[in-house]
Amino acid sequence: MKAIIAEKPSVAREIAQLLGAHEKKEGYLLFGNGYCVTWALGHLIALGMPEDYGIRGFNKASLPIFPNPFILTLKKLKKPNGYEPDPSALKQLNIIKQVISQCSSIIVATDAGREGELIFRYIYQYLNCQKPFERLWISSLTEKAIEDGFKNLQPGDAFDGLYQAAKARSEADWLVGINATQALTIAGNQDFYSLGRVQTPTLALICQRFLQHQNFTKQKYFQIQLSHRKEYTDFTSLSLLQWEEKKQAEQIQKSIDREGRAFVEDVSITTVKEQSPLLFDLTELQKEANRKLGLSADEVLKVAQSLYEKKFITYPRTGSKYIPEDLWPEIPELVRILNTSNQFKPLISTLKFGNFNKRIVNDLKVTDHHGLLITTKVPSALTATEKAIYEMIAYRLLESLSHACTKQVSHIMIKVHHYEFQIRGSKILEKGWRTIKGILSDNENSNNKNEVLTELPEFKIGDELKISKTELLEKVTQPPRLFTEADLLSAMENAGRSMENKEEQKSLSNIGIGTPATRASIIETLLSRNYIIRKNKTLHPTDKGLQVYDLVKDKKIANVQMTTEWEIALAEIEKGEIDSTQFMNDIQHYTAEITSELLSLHIPQENIPQLKCPKCQQHHLIIKEKIVKCPDEQCSWTLFRTICGVQLSIKDLTLLLTQHKTSLIKDMKSKNGKKFNAFIVLKDDWQTVFEFK
C-alpha cells in the first residue's frame, strides 16, 4: 500500500474523491485500490527553540547561539509559562506515523513549493523514516491536473535542491532572528525587540520612506499655461520653465499676454505600441487588489488560497507571469469557459480564436509554477471578495491574450518670445487589450504622467497659434508618497534596483527581499510586533518601529542589499548550482557580526515610575511594553497594556494604579470595529472596567 501525504485536509479530500475513498478513518482515508491518504496541518514540525538546547532566558554569555545540528521538535503553542507541544499536532503526527508504518512507499502531495517540500521533509526526518517517496507536482486541484500528476509522479530526490533551499532559509531565519532578537532585547534591558533576516530590512524601507515624507520641505513654484483653439479644437500648452518667484512669473505672463501669439517650433508624432499585460504572479495580484479593492497582501493570499482549494484558480504562490509551451493548447478551453458568462461574453467577441497573443508563453521564465490562471471549473457560491479576485484573474487572462494597444503620441513644442511651451496629446489607433476593461488611459501605471488622451489638430513647424488666455498656475513640490501595501510590495520585489553600485544593481535588478509566498506574512509580522500600523491605505511606522530603525539603520541587520543577495543564493541552492554549506557558513559569520553590533548598543530607558502592586501591596510592578505584572507568582496580578487597540501610556498607568482611574482614553476600538472613548477604572477586586463619559 502507498501512503499519500497532503498538506491540508481539504487537499486530501480532493485526492480521495478522485481515487475513490473506500473508508474514512480518524485522520486519514483508506482506499480499496492500495492507497491511503493522510495530511499534515501545515507545519507540524519546526526547528527547536533555545530551551531545547538547554539555553533558558536571554543571556549575553550564550550568544551567539549556533545549533549543531539543529533539533526538530513538534509544533508548540505559547502558554503563560512558556511553550508547550500542540496537542492537535501531536495527534495528527501519530496518525501519519501509523499510516506510514503500514505502507511500502510514500507519495508527497504537500503544496508544490519550498514550504510544502519543507513540511514533508521535516516530518519524514522527525519520524526517522527511510521509506522511498515520490513527488506529486501539480499547479491546480482540478480532476485533470491531479490525474495528470499521478500519471507523471516524479522521483523524490529530484526535489532535493528545493528542500535544501527551504532548509537553508529556515535555519538562516532562525540564526538571524533568534540571535538578533535576544541581543537587542538584552541591550534594551529586557524590553522585547524582535528582529529578522527579512523583517528588519522591510521595516527599514517603511521607516526611510516615512522619514523622507516627514522631513520633506514643500516649495512653491509657478508655471504658465496657455489656452489655444485650432480647427475647432480647444487645447492648452504648459511652460517648460518653472519659476520660484511669483513676481517674475507674473511679469513674463504679462509680456506673453501682450504678444498674444506663439509659433510652432517642433512637431514630434510617434506611434507607440503598448504591450498587453502578462499574467498575474502572486505579488502583482496583491498589488492590484490593494490598489483597486483596498485588500491587504495577507487578505489577498488567503482569498486566492481559498479559490485554489475550491479548484477555481491555479496554485497562487507563484513568482512567474508566464506559462510553458505545453500549457498553451489548454488556453482556448479557459476562454470558452468564460464565454459562458454574460459578463465576459461581449469581451471575448473582440478576441480571435486561433490568433491569441502568445506573449505569456516562455518556458525559460516559468519558475516552480506558471502564472495565475482560472481553471475549467465554473465558479459558484463565491463570497464578494472571492468573486472580485477571481474576476481580476479572468480579466487579466483575456487582456494578456489580446494584442497590443496602439497609440499615436503627439509632442508639440511652441515658443513665445524665447519661452518654450509644450503640448502633449495622444489618440488610440487600435484599442487592443484595453478593450477588455474599457480603460483607455491609466496614468497611474503610465510611463508618461503628462500624457492626455485627446486628439489634437494637425501642426507643422512655423504655424502661428493665437493665445486666447494665459493662466499662472501655483504648484507645490510633493514629498515621496507614504507606502501603501501595493507600493511596499513593489519596493520589496524590486529591492535590487535601489542599490547605488550600478554593476550590483544590474545583477540584482530582478531579485527582491522575501518571496511572493512570504511577503504578506512579513508585513503581518511587522503589524503584530507593533512596528507599523495601517492608517487609511498607507503604512506608518509606530514610535517603537522608528526606535528600532534608529537603533539598527546603520547595522548589517537592516541591509537590504545583503537580504537581496541571500535570495539569489537560495535560488542557486534550489537549482543545485551551489552547496548550502557555504551559504550557512556565511550566515553564521554574519550572525556573529550582527550579534556583536547589537550587544554594543546603548538603549536609553523609558522613565518608568516605581508602582506598587494594587493586589498584594508588597512588590513593585514589572512594567513592560505589552504587560504590567507583579513579580510574586503567588500574587500573579497582571494587566495588559494594550486595551481595545490603544496602549496605555506611563502617565495613564500611574493614574490607574494610584488614583484607580485613567484620563479619558480616545479612539479605542470595539470588537465590531467602532471607535469609542472611555475612562479605565480599577475596581476593588483589582479588575479593570470601562467608565463612559
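Val-628 is buried, with a relative accessible area of 0%. Here buried means under 20% relative accessible area, exposed means over 50%, and partly exposed covers what lies in between, with a 1.4 Å probe and protein chains only. The structure is a predicted model: local features need pLDDT of at least 70, side-chain atom pairs count only at pLDDT 80 or more, and totals for chains, interfaces and linings use all residues. Residues are numbered from 1 along each chain as its sequence is written, and side-chain values use heavy atoms, with hydrogens and water left out.

Val-628 belongs to strand E22 (residues 627-629). Strands (E, at least two residues) and helices (H or I, at least four) are DSSP runs, numbered from the N terminus. Contact means heavy atoms within 4.5 Å.

Val-628 and Leu-397 are 231 residues apart in sequence. In space, they are 54 Å apart, C-alpha to C-alpha. Leu-397 sits in helix H12 (residues 384-401). Leu-397 counts as buried, at 0% relative accessibility. Not counting residues up to four places away in sequence, Leu-397 touches Leu-279, Leu-334, Leu-373 and Ile-374. Glu-471 is 74 residues from Leu-397 along the chain. The C-alpha atoms of Leu-397 and Glu-471 are separated by 45 Å.

Glu-14 is part of helix H1 (residues 9-19). Glu-14 counts as buried because its relative accessibility is 15%. Neighbours within four places in sequence aside, Glu-14 is in contact with Leu-141, Ile-146, Glu-309 and Lys-311.

The nonpolar cores come next. In soluble globular proteins, nonpolar side chains tend to be buried together. A nonpolar core is a set of buried Ala, Val, Leu, Ile, Met, Phe, Trp, Tyr and Cys residues joined through side-chain atoms within 4.5 Å. The largest nonpolar core has 86 residues. Those with the most contacts inside this core are Ile-123, Leu-184, Val-552 and Phe-583. Helix H5 (residues 160-187) gives the most to this core, with 14 residues. Phe-583 is in contact with Ala-168, Ala-172, Trp-566, Ala-569, Leu-570 and Ile-573, leaving aside its neighbours within four places in sequence. Another core, of 61 residues, lies apart from the largest one. Among its residues are Ala-12, Leu-29, Ala-109 and Tyr-322.

Helix packing was then examined. Two packed helices are described by the angle between their axes and the distance between the axes. Axes are lines fitted to C-alpha atoms, for helices over the stretch in contact, and angles run from 0 to 180 degrees between N-to-C directions. The axes of helix H8 (residues 282-293) and helix H13 (residues 485-493) come within 8 Å and cross at roughly 155°. That makes H8 roughly antiparallel to H13. Angles over 145 degrees count as roughly antiparallel, under 35 as roughly parallel, 65 to 115 as roughly perpendicular, and the rest as oblique. The crossing of H8 and H13 is left-handed. A crossing is left-handed if the near helix is turned anticlockwise from the far one by less than a right angle, and right-handed if clockwise. From H8, Thr-283, Gln-286, Lys-287, Asn-290 and Arg-291 meet Glu-485, Ala-486, Leu-489, Ser-490 and Glu-493 of H13. By class, this contact of H8 with H13 has two nonpolar, four polar and four charged residues. Ala, Val, Leu, Ile, Met, Phe, Trp, Tyr, Cys and Pro count as nonpolar, Asp, Glu, Lys and Arg as charged, and the others, Gly among them, as polar.

Helix H9 (residues 297-309) and helix H15 (residues 519-528) pack at an angle of about 135°, with their axes 8 Å apart. That makes H9 oblique to H15. H9 passes H15 in a left-handed crossing. Ala-297, Asp-298 and Leu-301 in H9 meet Ala-520, Ile-523 and Glu-524 in H15. This contact of H9 with H15 has four nonpolar, no polar and two charged residues.

Some loops show backbone features. The peptide bond from Leu-63 to Pro-64 is cis, with omega near -5°. Pro-64 is in the loop between strand E5 (45-47) and strand E6 (72-74). Pro-69 is also in the loop between E5 and E6. The peptide bond from Asn-68 to Pro-69 is cis, with omega near 0°. Glu-231 is not a glycine, yet has a positive phi of about 50°. Glu-231 lies in the loop between strand E12 (220-230) and strand E13 (233-239). Tyr-232 is in the loop between E12 and E13. Phi of Tyr-232 is positive, near 65°. Tyr-232 is exposed, with a relative accessible area of 77%.
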